[in-house]
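Okay, thanks for coming, everyone.

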Amino acid sequence: RLRAAGAEITSEMEAFFEVCPCRIIAVTGSDGKTTTTTLIAKILEHAGHRVWVGGNIGAPLLPQAADMTPADIAVVELSSFQLHSMNCRPDIAVVTNVSPNHLDIHPSYEDYQTAKKQIFLSQGCAGVTVLNADNAITRAFAKDCPGKVRFFSRETAPENGVFLREGVIYRSHSGEKTKLMDAESILLPGLHNVENYMAAFAATD
């Protein structure tokens, strides 16, 4: 009724995307998105970038947008609720995985998947989307990505992306692999955190 009356329906994050002066890396997924968002931010900070972190975690970014510069990078975590009706156009989008979640709120599993896809559908050909090749749903998302796709995987060796082989994490550019680190050096416990690291590496490569 409000839309029919001419009202504009928006959100804090959608407004932030409209006014943000710097590049944006956006992360979503059923699991691991907070850890992956944090890892991306730490990698970028270590590389000397000024980074702003927010979205579904931390302080609201919209009030901070005036302090940002084009040289900065914003790393935002986005939930399915934030993405559901959002015009989202990050420079780099990351989907860690998709599994049945929040079905008490979403009318169907398909609706939940559609919400997750909003993170990359409006990117354009210049965008980059990082997807989990080991998750059937996110792997299938690749066909709908308007820009470049990078995969991360424990089970396969993607031509472009990051993968795990015999305890070593590699990145691959057009099939040529380069060692990044030994997985045993990751201090966060669990194989799922190896996946989170690979997603972060693919996003910041």
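To start, is F16 buried or exposed? F16 counts as buried, because its relative accessibility is 0%; buried here means under 20% relative accessible area, exposed is over 50%, and partly exposed is in between, with a 1.4 Å probe and protein chains only.

Quick housekeeping. This is a predicted model, so to speak: local features need pLDDT of at least 70, side-chain atom pairs count only at pLDDT 80 or more, and totals for chains, interfaces and linings use all residues. Residues are numbered from 1 along each chain as its sequence is written, and side-chain values use heavy atoms, with hydrogens and water left out.

Back to the rings. A search of the whole structure turns up four aromatic pairs. The rule is that rings of Phe, Tyr and Trp (its six-membered ring) pair if their centres lie within 6.5 Å, with planes under 30 degrees apart called stacked, over 60 edge-to-face, and the rest tilted. One of the pairs is F16 with F17: the centres are 6.4 Å apart and the planes sit at 90°, so this one is edge-to-face. F17 is buried too, with a relative accessible area of 13%. Then there's Y197 with F201, also edge-to-face, at 5.9 Å centre to centre and 65° between the planes. Those two are four residues apart in helix α6, so about one helical turn separates them. (Helices are DSSP runs of H or I, at least four residues; strands are runs of E, at least two; both are numbered from the N terminus.) Y197 is buried at 18% relative accessibility, and F201 is buried at 16%.

One more ring: the charged end of K177 sits over the ring of Y170, 4.5 Å from its centre. For that we want NZ of Lys or CZ of Arg within 6 Å of the ring centre and within 35 degrees of the ring normal.

Now, charges. How many salt bridges does the structure hold? Seven, where a salt bridge is a side-chain nitrogen of Lys or Arg within 4 Å of a carboxyl oxygen of Asp or Glu. Take D144 and K117, whose closest N and O atoms are 2.9 Å apart. D144 is in the loop between α5 (136-141) and β6 (148-153), and K117 is in helix α4, so the pair ties together parts 27 residues apart in sequence. D144 is partly exposed, at 30% relative accessibility. K117, K143 and D144 are linked in a network of salt bridges.

Next, R171 and D205, at 2.8 Å between the closest N and O atoms. R171 is in strand β8 (residues 168-173) and D205 in the segment after α6 (191-204), so to say distant parts of the chain, 34 residues apart. R171 is partly exposed at 28%, and D205 is partly exposed at 33%. K179 and D182 also meet in a salt bridge, 3.1 Å from N to O.

Last one, K116, in helix α4 (residues 109-121). The K116 side chain does make a polar contact with the side chain of T28, at 2.8 Å. (That's a pair of N or O atoms within 3.5 Å; within protein, one must be able to donate a hydrogen and the other to accept it, and residues adjacent in sequence count only if both atoms are side-chain atoms.)
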